[in-house]
Amino acid sequence: MASVLMQKAKQAQLCYDDLMEKTGLYPASKIVFRVDDSQQSLIKKACFEKNPFPGIVKAVLLKLRLAAVGKLFKDERVLQTGPAAAILALDAALAKELGDLRNGTESDGEIVCDVGLAGLQVIRLYMMAYEGSKAFAQSRYQSATRVDNALNGSFYKYKTKDGRYFSAHVYYESQKRKIMQTLGITKSPDKFVLASLPFDKKTTAAAVAKWDAEVLEEQVFADGACGCMLRSREEWEKMPVGRAVCEMPLYRFTKTADAPKKNFGKCDGKKGPLSGIKVLDLTHIIAGPVCTRLLAENGADVLMVRRGNYLNQEQAMLELDGWAGKNSIQLDFNIPEQLARAKELVKEADVVVCSYQNGALDKFGLGAEGVHALNPNVVYASMVCFSDTVWKERPGWAPCAEDITGLSVRNGSKEHPVNLNGVPLDYIPGMILFSGIMKALRLQMTEGGSFTLTGSLTRGGYWLHECTDLWEKAVGLQHADKTAIAQNTDVPLFKSVHQTVKDTAVGTVYFPSPATYYDGQGDVVSNMQFKDNREGWSNE
């Protein structure tokens, strides 16, 4: 098994070199990709622990966990563990260097990235656990039974009239309702759930079979939902949107205006390199929250805006992991006084991150232009599914990004497409966007300016194609001298699969352990604490 992890460590080295070239970021820190023989048994054992669901959902989650963990220690047709390790290592190096810049130091310590735990980061969704609040237990159970329905495109794909495959992607009840109406399924959406799955799959298959795939794709998007025809990579590259995505950098980075240099002061050693930096979090589900969770773990003061409290979120199953380190403020932008409070927070923020559908917040004056008007010296980062030009306003989710870019076909075949392990096109694009924010904050300190960044789920997905290409063509691997591989190095943080965070807004939570460690990182576990019903930043 060590040989598989060793191979993935070599893939991480290759991907790290590629990341530096693509981003133009070349941290000075030495990167050590750690291979530990014991990780497989530790992570597999954790699958059987801390599973709070009752009945059939408990069994479903255990099955998902075991399957996902098993794949971490096998060869991958499409690389994802190596790329995840590479971007996490880059993120850690950039955060460390920002902390050194703030403190006026030049530390030369290593960044250690555990390859097994890096793979775990893209299946965090399955490994999350908690205990405590009965209200939250009920909310999370209902979320799980709703999301695993016959329109869950990660698991269920349907043949169309023209012999192609179509996958639907719905995570909110409002979207489920829209796509059911498009398909002509008359069943009540709240009855279209896990318990009725065998019957609903037959109904859905019959409804999809009446459509040609591309016609259905266009109609679903026109109706405000998300679904796509599965494509090969070659088909994706020929589409206008595919060409636009392929031409994008890993994230679009734009200097919006000149602004004075920022002085964030020295770091709080316990909190970490981003301590004192205020982040307003306008994100949801997974990809955006991944980025802001990493900001929080590195010490940033992250305030997440929600309409309801954490106990009652519609997708509590999918979102729990993304709440780590973030305090919550309840604001409804349809209420003038609450919208005004949101705008005051924008003025106070150093970073604003948004992952709602492009244009969704413009009517409230909280899109990119509105945020920069309110705060001319802010970093604004957003996440879209497709490109920032073609299809920029269409909704999309990570499994859709896999299916439409050809990753599912490459990971399986045209007749038997297979989605990747976990939801890497949520996690990896979020990690990529984090690196762009680090670049922007550094420039604010050294040159000044305000910045806009745009990340893309499909661009992050296409990077996995590129990483896999590199590995398939690699002969006699040559790397920059900034990376190395080590076996079984002693890092206490890596000895546990879960980190326990007590007294959060939903009780005790068991978050998957981070995959990176370096001197000056701060107390990451303490930084994972989160509270609800706040009025402002945690340091006020």
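Modeller: On a 1 Å grid over the protein atoms alone, a cavity is a set of points where a 1.4 Å probe fits but cannot get out, a pocket is an open set with protein on both sides within 12 Å along at least five of seven lines, and lining residues have an atom within 4 Å of a point. Bear in mind that this is a predicted model, where local features need pLDDT of at least 70 and side-chain atom pairs count only at pLDDT 80 or more, while totals for chains, interfaces and linings use all residues. Residues are numbered from 1 along each chain as its sequence is written, and side-chain values use heavy atoms, with hydrogens and water left out.

Colleague: Which elements give two or more residues to the lining of the second largest cavity?

Modeller: Helices here (H or I, at least four residues) and strands (E, at least two) are DSSP runs, numbered from the N terminus. By class, that lining has four nonpolar, two polar and three charged residues; Ala, Val, Leu, Ile, Met, Phe, Trp, Tyr, Cys and Pro count as nonpolar, Asp, Glu, Lys and Arg as charged, and the others, Gly among them, as polar. The elements giving two or more residues to the second largest cavity are H7 and H8.

Colleague: What volume does the second largest cavity have?

Modeller: Grid points are joined across faces, edges and corners, and a volume is the space filled by probe spheres set on the points. A search of the whole structure turns up two cavities of 30 Å³ or more. For the second largest cavity, the volume is about 30 Å³.

Colleague: And which helix supplies the largest share of the lining of the largest cavity?

Modeller: That cavity has a volume of about 180 Å³, and of its 17 lining residues the closest to its centre are Leu294, Glu297, Asn298, Thr516 and Gln521. The largest share, four residues, comes from H4.

Colleague: On to the pockets: which element gives the largest share of the lining of the largest pocket?

Modeller: The largest pocket holds about 1,100 Å³ of space, and Tyr172, His284, Tyr356, Gln357 and Ala360 are the closest to its centre among 44 lining residues. Helix H8 (173–183), helix H13 (287–297), strand E9 (301–306) and strand E12 (379–384) each supply at least two residues. The largest share, three residues, comes from H8.

Colleague: Last one: is Glu237 buried or exposed, or something in between?

Modeller: Glu237 sits in helix H11 (residues 233–238), and beyond its neighbours within four places in sequence it is in contact (heavy atoms within 4.5 Å) with Arg243, Cys246 and Tyr462. Buried means under 20% relative accessible area, exposed over 50%, and partly exposed in between (1.4 Å probe, protein chains only). Glu237 has 27% relative accessibility, so this residue counts as partly exposed.
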